[in-house]
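Please look over the sequence and the model shown here before reading on.

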Amino acid sequence: MNKNIIAVAVGALGFVIGLGFLGNAIKNRNKSENTISVTGLGTKQFTSDLITWSGSFSKNNMDLKSAYDELALDRKVINDYLVSKGIRQNEIVFSSVDIQKQFRNYTDSNGNNVQGEFSGYNLSQKVSIESKEVGKIENLSRNITEIINRGIEFTSSSPSYFYTKLATVKQEMIAGATKDAKERAEKIAENSGSSLGNLKKATMGVIQITAPNSNEDYSYGGTFNTSSKEKEASITIKLEYQVN
């Protein structure tokens, strides 16, 4: 009889303890689900403070030394021209000379492309400039026909624009995106009759830099526009709050 009473008592105690564990599990589950996830956006517009520009020039000659000497003369003309336009000598960088053998190609009776006799050497070189005087280099790139008018086969590329204080811009955007997300979360909590609790999780997106008012697509790894002097950067912050 006593053994039966003890067994019933132990079983009842186990049942009560089990209910307690179940209640806590349900409570904790509901607590974990009682959260708000919001995404904030931070943006910043700025003007590039660094520009890079490059161009290439070439010479063709049957004799390699003659081609090299002619290219060297063109290089001096280009260098002197750039210096005359106010470009500092240490900002002007000439690449190594690229040498290519050229051949006259023809199509045989079967329609195959066949390499023919040697037709000379093609020597080419690239000149590049990196400067913080953005306006000056812009004007230079637009008026490069002055070099062409001197009899030089010169091809100019479009300038690329950069910003050297991007780290500061990023910090400002993160602060703005975090503030935006928190304000959204507070508004949601207020409208639902709750209050915002502790921050549980924060996830930052990648920085996207595009031209202002453009239709450039964002990319998963981040976009970095270099073709526009004026830029607009944006970043997202996802915050998850506990709701009381």
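**Overview**

In the protein chain, 74% of the contacts (heavy atoms within 4.5 Å) between residues at least 6 apart in sequence join residues that are at least 24 apart. This is a predicted model, in which local features need pLDDT of at least 70 and side-chain atom pairs count only at pLDDT 80 or more, while totals for chains, interfaces and linings use all residues. Residues are numbered from 1 along each chain as its sequence is written, and side-chain values use heavy atoms, with hydrogens and water left out.

**Fold and surface**

- The protein chain has 5 helices and 10 strands, taken as DSSP runs numbered from the N terminus (helices H or I, at least four residues; strands E, at least two).
- Of its 244 residues, 28% count as buried, where buried means under 20% relative accessible area, exposed over 50% and partly exposed in between, with a 1.4 Å probe and protein chains only.
- The accessible surface of the protein chain comes to about 15,500 Å², of which 51% belongs to carbon and sulfur atoms; the areas come from the Shrake-Rupley method with a 1.4 Å probe, and for residues only the protein chains shown count as cover.

- In soluble globular proteins, nonpolar side chains tend to be buried together.
- Beyond residues up to four places away in sequence, W53 touches a set of residues including L82, V127, I137, L140 and F154.

**Aromatic pairs**

- A search of the whole structure finds 7 aromatic pairs, which are rings of Phe, Tyr and Trp (its six-membered ring) with centres within 6.5 Å, counted as stacked if the planes are under 30 degrees apart, edge-to-face if over 60 and tilted for the rest.
- The rings of F46 and Y163 have their centres 4.6 Å apart and their planes at 35°, so this pair is tilted.
- Because F46 lies in strand β1 (residues 35-47) and Y163 in the loop between β7 (160-162) and α5 (166-191), the pair ties together parts that are 117 residues apart in sequence.
- F46 is buried, at a relative accessible area of 7%, whereas Y163 is partly exposed, at 21%.
- The rings of F57 and F154, with centres 6.5 Å apart and planes at 10°, form a stacked pair.
- F57 lies in strand β2 (residues 50-61) and F154 in strand β6 (residues 154-156), so this pair ties together parts that are 97 residues apart in sequence.
- F57 is buried at 1% relative accessibility, and F154 is buried with a relative accessible area of 6%.
- W53, F57, F94 and F154 form one aromatic cluster.

**The surroundings of N79**

- N79 has its place in helix α2 (residues 64-84), and at 13% relative accessibility N79 counts as buried.
- Leaving aside neighbours within four places in sequence, N79 is in contact with Q89, I92 and F94.
- The side chains of N79 and Q89 are joined by a polar contact of 2.8 Å, a polar contact being a pair of N or O atoms within 3.5 Å; within protein, one must be able to donate a hydrogen and the other to accept it, and residues adjacent in sequence count only if both atoms are side-chain atoms.
- The C-alpha atoms of N79 and V127, which are 48 residues apart along the chain, are separated by 8.9 Å.
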